[in-house]
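Here are my notes on this one, jotted down as I went through it. Have the structure open next to you while you read.

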Amino acid sequence: MIIKTACHKGRLVLKFTPEQGDPVSHHKFSNSYKKSKKVSMTSMQCEIHLPSDWTITSVHPDLFALAMLATIYPFAGKTIRLPFGISQYFHDQVFKITKKKILPIDKKLSRRKATTNAVPALTFSGGIDSTAAVALLPDKTHLLYFDRIVPKGTKTLLNQEAAYYACKQMKKLGKAVHNIKTDLQYLRKPVGFSTFLTDAVPALLLADYHGYDALANGQTLDLGYRIGHLGYEDCRETELAKPWHPLLQAVDMPYTLPTIGLSEVVTTNIVRQSPYAEFAQACSRGKIKKPCMNCYKCFRKSLLEKVMTNSPINDKYLDELFQIKDVKRVLATKHLHYGNVITYITSHYHGKHPEMLALKKKTRGDRLDVSWMNKWYPDAEEFLAPKYRDEVKKRIFKYVKPMNQKDIQTMKKSFSKEYFQK
Ligand SMILES: [Zn+2]
């Protein structure tokens, strides 16, 4: 893959030219609907709107190279050619970990090191989980919102109003928030992020401009350790960490994932107790303070909210939720996406609604011990950069206790790979 750049007043344009052997498409498994679909690179250009005085020299070439990997990794063959050289160190690390070569090498360039006064960067969506991350990270953390440019005439369910509102409120509370406009999710069809690191591209490109030494996001235990959809797996072995965890270390911007050891149950609780409860909103389709109530996320998060606040769940409310088309599609699959959260919800449901009772049985809410979902998984500590580890842990322990050996065993056994293969 050949990558060319042009930058005018901070508007960075990236142009991609595939070379022989570059895979143009691949198959990706949808965890929500349990179906495989073809993902293809259909556009060869995208743009990212950075601050007007940002230039290509505002970023260390190694960080730029990692941003490019995060953008086109599944579509890149053996070689990625940039318009300028990267350090020998980063070249070697990328080759060791991915067997891909990024060229050229600038022999005089030393590896990227963050400055001593650098701060963490968080990819912030305005949703529950990344808002919980704000509460757990140092106050000086920068929040980066991936502001999606939607090409004219494109049909989309996306509505960013609530997220913009959350960004505005965070700014009012004194947080450094950066909305970075980009259309890079339109490089592929179906539209979306090519890798687990794609939403961090703005943070990587601004890492030297603002000074970042850690990368955070709001991924939770449910997905990070796969208990919510495929069965427990060491997070280091998943696509969230591979190859990104070591490559982020190689540019001195290691992962600091404050919520990766916490389930959605805990992140919901943290946000509820935070100054951010008023504006955090999970749904990306609704309006300000008005989630769409027409998607699986709204189904799951609204029921969880009711359980966490001990609010009554009446039959009429459930009737409406079970009518949602998207919910029907997800509930028709054998092992539900974020099924552990549904287990938690149904284990706290004591009404008589027939569909809810059937869901309780299906997700084993009638027999599993779910108390571990109110705790922190201590193995997740390895995803907290040493520099910030103690502070983040201190903040986590304000809300929850660590899991003990029995909790960990229950988690791994209840949501094992074997269970999901049954
Ligand atoms: Zn919704």
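1. Start with a helix contact: Glu-264, Val-265, Thr-268, Asn-269 and Arg-272 of α9 meet Leu-304, Glu-305 and Met-308 of α10. Contact here means C-beta atoms, placed from the backbone, within 7 Å. Helices (H or I, at least four residues) and strands (E, at least two) are DSSP runs, numbered from the N terminus.

2. A caveat before going on: this is a predicted model, where local features need pLDDT of at least 70 and side-chain atom pairs count only at pLDDT 80 or more, while totals for chains, interfaces and linings use all residues. Residue numbers run from 1 along each chain as its sequence is written.

3. Back to that helix pair. The axes of α9 (residues 264-272) and α10 (residues 296-308) come within 10 Å and cross at roughly 65 degrees; axes are lines fitted to C-alpha atoms over the stretch in contact, with angles from 0 to 180 degrees between N-to-C directions. The two helices are therefore roughly perpendicular to each other (65 to 115 degrees).

4. Now the sheet. It is open, with 3 strands in the order β3-β4-β11 and antiparallel pairing; strands pair if DSSP finds at least two bridges between them. β3 (25-30) and β11 (188-189) are the edge strands, each pairing on one side only. Strand β4 (residues 35-41) is joined to β11 by 2 bridges, and Met-41 has Arg-188 in β11 as its bridge partner.

5. Zooming out, the chain has 17 helices and 12 strands. Its C-alpha atoms fill a box of roughly 70 × 45 × 45 Å along the principal axes.

Methods: Angles under 35 degrees count as roughly parallel, over 145 as roughly antiparallel, 65 to 115 as roughly perpendicular and the rest as oblique. Two residues are in contact if their C-beta atoms, placed from the backbone, lie within 7 Å.
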